[in-house]
Amino acid sequence: MNPRRLGAIVLKELRQLRRDRLTFAMIVGIPIMQLVLFGYAINMDVRGLHAAVLDQADTARSREVVAELGASQVLDFRYQLATPQQLDKLLREGSISAALVVPPDFEARLQRKDRPPLQLVVDGSDQVVQASARQLAAYPLPGWPNLTGVQVVNFYNPERLAPLNTVPGLIGVILTMTMVLFTAIALVRERERGNMELLITTPVSPWELTLGKVLPFVGIGLVQVTVILLVGLWLFEVPVRGSLLELYGASLVFIFASLTLGVFISTLARSQFQAMQMAFFTFLPQILLSGFMFPFAGMPQAAQWIAEILPLTHFLRLTRGIMLRGAGLADLWLELVVLVVFTLVMLTVAVMRVHKRLD
């Protein structure tokens, strides 16, 4: 082994890496992003769950207990309800994650101590919410020695089965990984093989070229959704309590959103390796910030704002709402609108970049 020749090869690789700005940015950027996400954004200590209050007793003592529980900062009481029907509607829409119910005989229960004087109704489609509810049920209330406990009632997942929370989320995670990566790599591969130059000589417009590359993957995405639903039903008995047609409609919009993100990445990458790097760079924040693995309510406000831009965040709300809570697209229309807007923005930017290449 010749040290001079070895040193020359090492120096050549370093110079080549310096010229490849994208790879160098990934080397520095990915560790920084992981450090920020895990150290700052990810927080298992949940605070500020959107909640409602149904105070059927409406006494001074019941209002005092509600104020004490609100001071725990685990629940953020945003709605004052008058009927149980309002509670059902808000839970189904996903507007709240929990609701504190004070029964009409609250005072009598405090005296008799035979039943829990309060009831905490939680959205059982989210495991994090269930864990926070159990924590809150044991929350000590200063000055209330007679308060023997809070009864936790799980809506939509009374048996607390983990697959019911995981499988709907996995639909979005798998579609994100496959649609973005496949599209980005496929388009870059076409460019590397010289096929893009052939298409430039044809009268194909940028819109036709972009949509023509995207549409074949739509069928692949729908097949993946079908496979996940069938396996989830067969192995884990995960139901689809809402409309199957609406679930496929929401999946179709999310598939387009993921594909347009992949097309956009392909316009930035110069090689398949760079496309894979950039796709991974988009996977990490989506999986960590969307609420699939870690509690959304526990994140700082800035991290929640970033998460609201990511398509997986909204698709998780759609799948869990339709599959587990029996909600419809009319109940979750805002999540669908965000996905449509994201798709249009990404598609427009990608087409503009393709147009520049064609020119």
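Analyst: **A helix and its neighbours**

Leaving aside its neighbours within four places in sequence, Ser251 is in contact with Val225 and Phe315, contact meaning heavy atoms within 4.5 Å. This is a predicted model, in which local features need pLDDT of at least 70 and side-chain atom pairs count only at pLDDT 80 or more, while totals for chains, interfaces and linings use all residues. Residues are numbered from 1 along each chain as its sequence is written, and side-chain values use heavy atoms, with hydrogens and water left out.

Ser251 lies in helix H10; helices (H or I, at least four residues) and strands (E, at least two) are DSSP runs, numbered from the N terminus. Ser251 counts as buried because its relative accessibility is 0%, where buried means under 20% relative accessible area, exposed over 50% and partly exposed in between, with a 1.4 Å probe and protein chains only. Helix H10 spans residues 244-268 and also holds Ser266, which at 2% relative accessibility counts as buried. With neighbours within four places in sequence again set aside, Ser266 is in contact with Ala184, Leu187, Val188 and Arg191.

Two packed helices are described by the angle between their axes and the distance between the axes. The axes of H10 and helix H9 (residues 206-236) come within 9 Å and cross at roughly 135 degrees, the axes being lines fitted to C-alpha atoms, for helices over the stretch in contact, with angles from 0 to 180 degrees between N-to-C directions. H9 is therefore oblique to H10, since angles under 35 degrees count as roughly parallel, over 145 as roughly antiparallel, 65 to 115 as roughly perpendicular and the rest as oblique. H9 passes H10 in a right-handed crossing, in which the near helix is turned clockwise from the far one by less than a right angle, anticlockwise being left-handed. On the H9 side, residues making the contact include Val214, Phe217, Gly221 and Val225, and on the H10 side they include Tyr248, Ser251, Ile255 and Leu259. The residues of this contact of H9 with H10 divide into 15 nonpolar, four polar and no charged, with Ala, Val, Leu, Ile, Met, Phe, Trp, Tyr, Cys and Pro counted as nonpolar, Asp, Glu, Lys and Arg as charged, and the others, Gly among them, as polar.

The axes of H7 (residues 162-192) and H11 (residues 272-289) come within 9 Å and cross at roughly 160 degrees, so H7 and H11 are roughly antiparallel to each other. H7 passes H11 in a right-handed crossing. Residues making that contact include Ala184, Val188 and Glu192 of H7, together with Ala275, Ala279 and Phe283 of H11. The residues of the contact of H7 with H11 divide into 12 nonpolar, four polar and two charged.

The unreviewed UniProt entry annotates as "transmembrane region" several spans, including 167-188, 214-235 and 247-266; its positions are given in the numbering used here, feature names are shortened, and annotations may be inferred rather than shown by experiment. Residues 167-188 are 100% helix and 0% strand, with the end C-alpha atoms 32 Å apart. For residues 214-235, the end C-alpha atoms lie 32 Å apart and the span is 100% helix and 0% strand.
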